[in-house]
Every structure is written in structure tokens, then in C-alpha cells.
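Here are my notes on the model you sent. Please read them with the structure open.

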Amino acid sequence: MEEVTEGVSNLNIVDSQKKNRIQVSNTKKPLFFYVNLSKRYMQQYNEVELSALGMAISTVVSIAEILKNNGLAVEKKIMTSTVDVKEDMRGRPVQKPKIEVVLGKTVNFDELMLAGQNDGNNIQE
């Protein structure tokens with residue numbers, strides 16, 4: 001019994017929902033909500049994963065470009081795929097495009113964030 005307990009405590013269970021993932025919607029929150037949330041996630045986890053389906057893909061691209069153009073983030077990985085989503089009316093699966101973008105902190109991220117706090121919100125659109 002002791003070996004089973006030891007084996008269970010040594011298991012490395014992977015969480016299905018990553019802590020640094022933001023699932024972006026283009027209808028629920030404004031763009032800069034996601035920009036500011038991404039900055040907080042990068043402060044906390046050193047990187048952020050932005051994920052979106054369908055029409056929200058352009059919102060993810062905009063968030064990533066704003067953060068990159070302001071010197072706060074660098075692209076680490078971009079993944080595209082299609083996923084089957086059930087249609088509301090008939091229950092038949094429909095393929096939707098999906099994007100996942102992983103952004104990491106730049107070398108001077110902390111300096112820029114500190115300067116932004118002192119100057120107010122200096123992010124440019």
C-alpha cells in the first residue's frame with residue numbers, strides 16, 4: 001500500500017486548462033481588456049497563450065501586434081488548426097478555424113511596465 005501512495009504522489013498530472021491561457025472572444029470584452037490581461041499574465045507567468053476560434057482570430061492578432069509594437073512581447077509560437085464545433089440548429093459538426101499564439105516577455109518588459117505605471121497607461125493603439 002505504501003508503494004501505491006508513493007506512486008500516486010509522484011504522478012505529474014497535467015491540467016487540461018493552462019493557467020496562462022486566455023480564450024479570446026470578439027463579442028464579450030473590449031480589445032484592451034485582453035491587452036491588459038495579457039500584460040498581467042506575462043508578469044505572473046513570463047508568457048501568455050492567446051487562443052481564439054473563428055471571427056475572434058483577428059482580435060488575437062491585434063492583441064499580439066499591440067504588445068509587440070509596444071516592445072512588451074515576442075512571439076514564441078503560432079499554431080493554427082480547425083476544430084469541429086456542433087451547430088446549434090441541427091447538431092451537425094461544423095469546422096471552425098482556431099489560432100493559438102504564445103507570447104513571451106521581452107528583455108525590457110519589466111522596465112516598460114514600470115515606466116507605464118509611472119506615466120499612466122502609455123500603450124499606443
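1. Start with the term needed for the first contact. A charge sits over a ring if NZ of Lys or CZ of Arg is within 6 Å of the ring centre and within 35 degrees of the ring normal. Lys29 meets this: its charged end sits over the ring of Phe33, 5.1 Å from the centre. Keep in mind throughout that this is a predicted model.

2. Now the aromatic pairs. The structure holds two of them.

3. How far apart are Tyr41 and Tyr45 in helix 2? They are four residues apart, which means about one helical turn separates them. Helix 2 covers residues 31–45. Tyr45 is partly exposed, with 32% relative accessibility.

4. Four strands form an open sheet in the order 1-2-4-3, and the pairing is mixed. Strand 1 and strand 3 are the edge strands, each pairing on one side only. On average, neighbouring strands are turned by 20 degrees against each other, direction ignored.

5. Two helices pack on this sheet. Helix 2 touches strand 1, strand 2 (47–53), strand 3 and strand 4. The direction of helix 2 makes about 140 degrees with that of strand 2. Helix 3 touches strand 2, strand 3 and strand 4. The direction of helix 3 makes about 10 degrees with that of strand 4.

6. Strand 3 (residues 73–86) and strand 4 (residues 93–105) run antiparallel and are joined by 13 bridges. Lys86 has Pro93 in strand 4 as its bridge partner. Met79 has Glu100 of strand 4 as its bridge partner. Six residues lie between the strands of the hairpin, and Gly91 takes a positive phi near 75 degrees.

7. Arg21 deserves a look. It lies in strand 1 (residues 21–23). Is Arg21 buried or exposed? At 17% relative accessibility, Arg21 counts as buried, because the cut-off for buried is under 20%. Its side chain makes a polar contact of 2.7 Å with the side chain of Glu49. A second polar contact, of 3.1 Å, joins the side chains of Arg21 and Glu100. Leaving aside neighbours within four places in sequence, Arg21 is in contact with Tyr41, Glu49, Ser51 and Glu100.

8. Last, Leu67. This residue is in helix 3 (residues 57–69). Leu67 is buried, at 0% relative accessible area. Which residues is Leu67 in contact with, leaving aside its neighbours within four places in sequence? They are Val35, Ser38, Lys39, Met42, Leu72, Ala73 and Leu103. Ser38 is 29 residues from Leu67 in sequence, yet the C-alpha atoms of the two are 8.6 Å apart in space.

Notes:
Residues are numbered from 1 along each chain as its sequence is written. This is a predicted model: local features need pLDDT of at least 70, side-chain atom pairs count only at pLDDT 80 or more; totals for chains, interfaces and linings use all residues. Side-chain values use heavy atoms; hydrogens and water are left out. Rings of Phe, Tyr and Trp (its six-membered ring) pair if their centres lie within 6.5 Å; planes under 30 degrees apart count as stacked, over 60 as edge-to-face and the rest as tilted. Buried means under 20% relative accessible area, exposed over 50%, partly exposed in between (1.4 Å probe, protein chains only). Two strands pair if DSSP finds at least two bridges between them. A polar contact is a pair of N or O atoms within 3.5 Å; within protein, one must be able to donate a hydrogen and the other to accept it, and residues adjacent in sequence count only if both atoms are side-chain atoms. Contact means heavy atoms within 4.5 Å. Axes are lines fitted to C-alpha atoms, for helices over the stretch in contact, and angles run from 0 to 180 degrees between N-to-C directions.
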